[in-house]
Amino acid sequence: MTQPAVHGRFPQDAPHQTPQQTPLDAARTPAPGAAGSAVTWRKAAIIAAAGIPVGLLWWLLAPSGLNLLSGNPELRSGGNTEGWLPRDLVLAGLFLLAGCISGAVASGTKHSGPSGRDVLLAVGAGAVGALAAWGTGVLCGLWWAAPEDTSANASIAFSLRSFAVLAIWPAAAALTLFLNTVFATPAPGARHGAAEQPSTQSPE
């Protein structure tokens, strides 16, 4: 014999009750975004601190520094005006590379793009890193370069002539974040969520 229906439904048709979350389970569940905030601040600190090795590389590679990139001994002296532009270009190239790496680090996962707060932190950290790199390079020139007379022009010392170069790092980070957001793969749940939602219309 079949069991009688209750209010027009059979027992196997009754909806299953999901267990409610206890306060202990709620305490064990981490708050959304709590871990992400810590990682974001840590990443921002790493990006800003990366300016120190970038500034050291600038001193090692650029003219009027150790000039390892060109190897031309005539460009070792800051009095040679032909080395002033390449000196700025070396720092610009390092900032472009550092900005792309910073943007990639702060871009988040493949299915979850960065928030507006993450973008501001990454761009701000890139600006701080650019200032740190500039200051590190100048300090290296003061400590390790041969003394030169800078009375004729301050650019004879190891320095940066075009301060617009400092904007390359944060700009490259922002551009990398933007491109990652544009070309990011949407999450499968978001793509198929509308198709999988059950219809809420009641039968007539």
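Student: In this model, how are α5 and α6 oriented to each other?
Tutor: The model is predicted, local features need pLDDT of at least 70, side-chain atom pairs count only at pLDDT 80 or more, and totals for chains, interfaces and linings use all residues. Residues are numbered from 1 along each chain as its sequence is written, and side-chain values use heavy atoms, with hydrogens and water left out. The axes of α5 (residues 116-144) and α6 (residues 168-183) cross at roughly 155 degrees and come within 7 Å. Angles under 35 degrees count as roughly parallel, over 145 as roughly antiparallel, 65 to 115 as roughly perpendicular and the rest as oblique, so α5 and α6 are roughly antiparallel.

Student: Which residues of α6 make the contact with α5?
Tutor: Contact means heavy atoms within 4.5 Å. On the α5 side it involves Val-119, Ala-122, Val-123, Gly-126, Ala-127, Gly-129 and Ala-130. By class, the contact of α5 with α6 has nine nonpolar, two polar and no charged residues. The α6 residues are Trp-169, Pro-170, Ala-174 and Leu-177.

Student: Are α3 and α5 parallel or oblique to each other?
Tutor: Helix α3 (residues 51-61) packs on α5 at an angle of about 45 degrees, with the axes 7 Å apart. The two helices are therefore oblique.

Student: What is the handedness of the crossing in which α3 passes α5?
Tutor: A crossing is left-handed if the near helix is turned anticlockwise from the far one by less than a right angle, and right-handed if clockwise. For α3 passing α5, the crossing is right-handed.

Student: Is Ser-102 buried or exposed?
Tutor: Ser-102 is found in helix α4 (residues 84-105). Buried means under 20% relative accessible area, exposed over 50%, partly exposed in between (1.4 Å probe, protein chains only). With a relative accessible area of 5%, Ser-102 is buried.

Student: Which side chain makes a polar contact with the side chain of Ser-102?
Tutor: Leaving aside neighbours within four places in sequence, Ser-102 is in contact with Ile-47, Trp-169 and Ala-173. The polar contact of its side chain, at 3.1 Å, is with the side chain of Trp-169 (a pair of N or O atoms within 3.5 Å; within protein, one must be able to donate a hydrogen and the other to accept it, and residues adjacent in sequence count only if both atoms are side-chain atoms). The partner is Trp-169.

Definitions and conventions. Axes fitted to C-alpha atoms, helices over the stretch in contact; angles between N-to-C directions. Helix = DSSP H or I, 4+ residues; strand = E, 2+ residues; numbered from the N terminus. Nonpolar A, V, L, I, M, F, W, Y, C, P; charged D, E, K, R; others polar.
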